[in-house]
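Please take the chain as a whole before turning to its details.

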Amino acid sequence: MPRGCIAAGDRAFFCDYALDYLARAGISKEQVARGGYLIKTTLDPDVQAPVKSAIDGIASPDIQGVASVMSVVRPGKDSHPVLAMASNRTYGLNIDAGETMQPQPFSLVGDGAGSTFKIFTTAAAMDMGMGINAQLDVPGQFQAKGLGSSDTPGCPRETWCVKNAGGYRGSMNVTDALATSPNTAFAKLISQVGVQRSVDMAVKLGLRSYALPGTARDYDPESNESLADFVKRQNLGSFTLGPIEVNALEFSNVAATLASGGMWCPPNPIDKVFDRRGQEVSVTTETCEQVVPEGLANTLANAMSKDDQGGGTAAGSAGSTGWDLPMSGKTGTTEAHRSSAFLGFTNTLAAANYIYDDSTSPGELCSFPLRQCGSGDLFGGNEPARTWFTAMKPIANNFGEVKLPPTDPRYVDGAPGSRVPSVSGMDQNLARQRLKEAGFQVADQANTVNSASSYGTVVGTSPSGQTVPGSIITIQISNGVPPPPPPPPEGAIPGLPPVAGSTVVEIPGLPPITVPILGPPPPAAPPPP
């Protein structure tokens with residue numbers, strides 16, 4: 001093309017990526033420019049159009065300091081073709097009009113994808129043997145040494161402190177935790193799984209740029225380390241909360257890997273290439289690779305299938321667009337609301353929308369309307385999720401039946417060694433021995449809890465039931481103080497048995513009187529025939 005990719009209009013970013021991909025496959029931009037090649041790409045106009053429309057409808061091309069990028073990748077066992085790639089920014093040289101030629105959709109940008117990274121810690125835990133039926137502890141706050149530090153007020157020195165953005169019940173299964181996203185559950189989980197396993201899982205599933213030398217320079221200018229090595233060397237537990245820049249195309253490809261039963265392939269923009277003699281030219285960058293077991297990927301897809309429903313963090317956006325198909329998704333927001341994301345996939349399409357501040361001095365972003373602001377409130381369940389559902393709804397059924405894959409019992413119930421044995425009633429030494437024999441580590445310090453059992457008796461563990469094999473278990477011992485009784489039901493009379501119902505007493509000459517019945521409730525009336 002004489003004018004290069006500018007002439008490609010809203011497909012210019014895809015054009016740029018295709019040329020970059022060909023160069024890595026051995027066909028340079030100069031060779032392409034000299035002509036003679038017939039290049040057929042994977043871009044699908046029927047997918048590109050709704051994606052671009054959804055992005056621009058929520059983040060206008062000239063909005064100050066807000067970029068929105070999204071690519072759609074087709075899952076598959078032997079190729080991951082890129083069907084669409086778009087940014088709200090117009091590809092061009094007029095900076096004053098908000099145009100850019102930066103490869104925003106396929107380079108490391110932004111401040112991070114937030115809680116979407118919880119899927120990497122979850123996948124790493126499942127790879128170790130945890131099942132999605134495991135109950136994750138959800139403490140109100142979580143503190144840990146050796147996993148980095150926080151600058152939050154009241155946090156001890158050299159300690160990582162995490163708290164939740166809202167109220168949650170004290171434990172929940174993996175599916176509910178992914179849908180409602182309590183930070184402390186996944187902070188505790190990465191402390192059990194280990195930062196290294198979580199980072200390695202992110203790279204395996206598709207964040208391949210993290211393994212490139214020099215990618216950590218924004219965080220350590222003197223270093224030639226990769227981001228992956230930097231996070232592992234610092235042992236940063238905050239990795240599970242997604243605080244570092246991402247490549248949005250690679251992130252879409254993470255979704256495609258999970259949708260392909262754990263098969264990673266490079267995100268491919270090229271269908272076929274023919275030379276000037278009409279001979280097909282082989283275009284290969286990297287070969288596909290089974291990076292996690294198929295049962296793990298399929299079961300994780302099911303564990304991610306409630307984000308668009310009920311109390312899920314993307315339910316509002318899904319409902320507003322009329323989305324009613326099975327899907328797997330995860331929202332994410334960085335702590336300072338400078339960037340936010342929604343990763344989602346079906347068995348036929350995978351994509352991630354990523355919104356971030358692309359100004360020279362990035363700050364916080366706000367929702368409704370999407371804009372730069374002083375005190376951010378942008379969440380992944382807002383504009384990023386709405387962009388995804390708006391873009392995908394018109395095309396979701398175009399590639400076959402949409403359905404969830406089958407689960408694998410090993411990754412539902414967990415592998416042998418994932419169940420914490422019951423040690424209630426034992427003394428501490430025997431309980432420690434029993435837990436270690438089962439393959440778990442035991443915390444040096446036991447937790448004291450309210451219990452009617454005699455002082456010092458072991459009354460449980462945290463976590464209990466199913467968890468990550470080999471993880472650290474904390475023994476709970478009784479302080480001999482029974483927990484306070486639950487509050488009496490409304491209408492109860494102190495000192496008397498609970499009210500179980502009422503009856504109406506009629507006395508001649510007086511209005512009817514309703515009298516409470518004390519004691520156990522009367523038997524229920526039989527159902528009508």
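Helices, taken as H or I runs of at least four residues, and strands, taken as E runs of at least two, are DSSP runs that are numbered from the N terminus. The model is a predicted one, and its secondary structure comes to 14 helices and 24 strands. Along the principal axes, the C-alpha atoms of the protein chain fill a box of roughly 100 × 65 × 50 Å. Of its 529 residues, 50% count as buried, while the accessible surface of the chain comes to about 24000 Å², with 52% of that area belonging to carbon and sulfur atoms. Among the contacts in the chain with a separation of 6 or more, 69% are between residues 24 or more positions apart.

Ile6 counts as partly exposed, at 28% relative accessibility. When residues up to four places away in sequence are not counted, Ile6 touches Tyr91 and Met101.

The next step concerns charged side chains. The chain has 12 salt bridges, when a salt bridge is taken as a side-chain nitrogen of Lys or Arg within 4 Å of a carboxyl oxygen of Asp or Glu. One of them joins Lys52 and Asp56, with the closest N and O atoms 3.1 Å apart. Because these two residues are four residues apart in helix 3 (residues 45-58), about one helical turn separates Lys52 from Asp56. Lys52 counts as buried at 13% relative accessibility, whereas Asp56 counts as partly exposed at 22%.

Another salt bridge is formed by the side chains of Glu294 and Lys77, at 3.5 Å from N to O. This pair links distant parts of the chain, since Glu294 is in helix 10 (residues 294-303) and Lys77 is in the loop between strand 2 (67-73) and strand 3 (80-87), 217 residues apart. Glu294 is partly exposed, with a relative accessible area of 41%, and Lys77 also counts as partly exposed, at 41% relative accessibility.

A further salt bridge brings together the side chains of Asp111 and Arg338, at 3.8 Å from N to O. Asp111 lies in the loop between strand 4 (108-109) and helix 4 (118-127), and Arg338 lies in the loop between strand 14 (328-333) and strand 15 (339-345), so the pair ties together parts that are 227 residues apart in sequence. Asp111 counts as partly exposed at 30% relative accessibility, as does Arg338 at 32%.

Helix 4 contributes Phe120, Thr121, Ala123, Ala124 and Asp127 to the contact, and helix 7 contributes Arg197, Ser198, Met201, Ala202, Lys204 and Leu205. The residues of this contact divide into six nonpolar, two polar and three charged.

The buried residues of helix 7 are Val195, Ser198, Val199, Met201, Ala202, Val203 and Leu205. They pack against helix 4, helix 6 (183-193), helix 8 (227-234), helix 9 (248-259) and strand 10 (263-264). Helix 7 is followed by Gly206, which has a positive phi, near 155°.

Most residues other than glycine have a negative phi, and most peptide bonds are trans. Ser181, in the loop between helix 5 (174-180) and helix 6, is a residue other than glycine with a positive phi, near 65°, and it counts as buried at 11% relative accessibility. His337, found in the loop between strand 14 and strand 15, likewise has a positive phi of about 60° although it is not a glycine; His337 counts as buried at 13% relative accessibility.

Cis peptide bonds complete the picture. One joins Phe368 and Pro369, with omega about 0°, and Pro369 is found in the loop between strand 17 (364-366) and strand 18 (371-373). Another joins Ser462 and Pro463, with omega about -5°, and Pro463 lies in the loop between strand 21 (458-462) and strand 22 (472-478).

How values were computed
Residues are numbered from 1 along each chain as its sequence is written. This is a predicted model: local features need pLDDT of at least 70, side-chain atom pairs count only at pLDDT 80 or more; totals for chains, interfaces and linings use all residues. Side-chain values use heavy atoms; hydrogens and water are left out. Buried means under 20% relative accessible area, exposed over 50%, partly exposed in between (1.4 Å probe, protein chains only). Contact means heavy atoms within 4.5 Å. Ala, Val, Leu, Ile, Met, Phe, Trp, Tyr, Cys and Pro count as nonpolar, Asp, Glu, Lys and Arg as charged, and the others, Gly among them, as polar. Accessible areas come from the Shrake-Rupley method with a 1.4 Å probe; for residues, only the protein chains shown count as cover.
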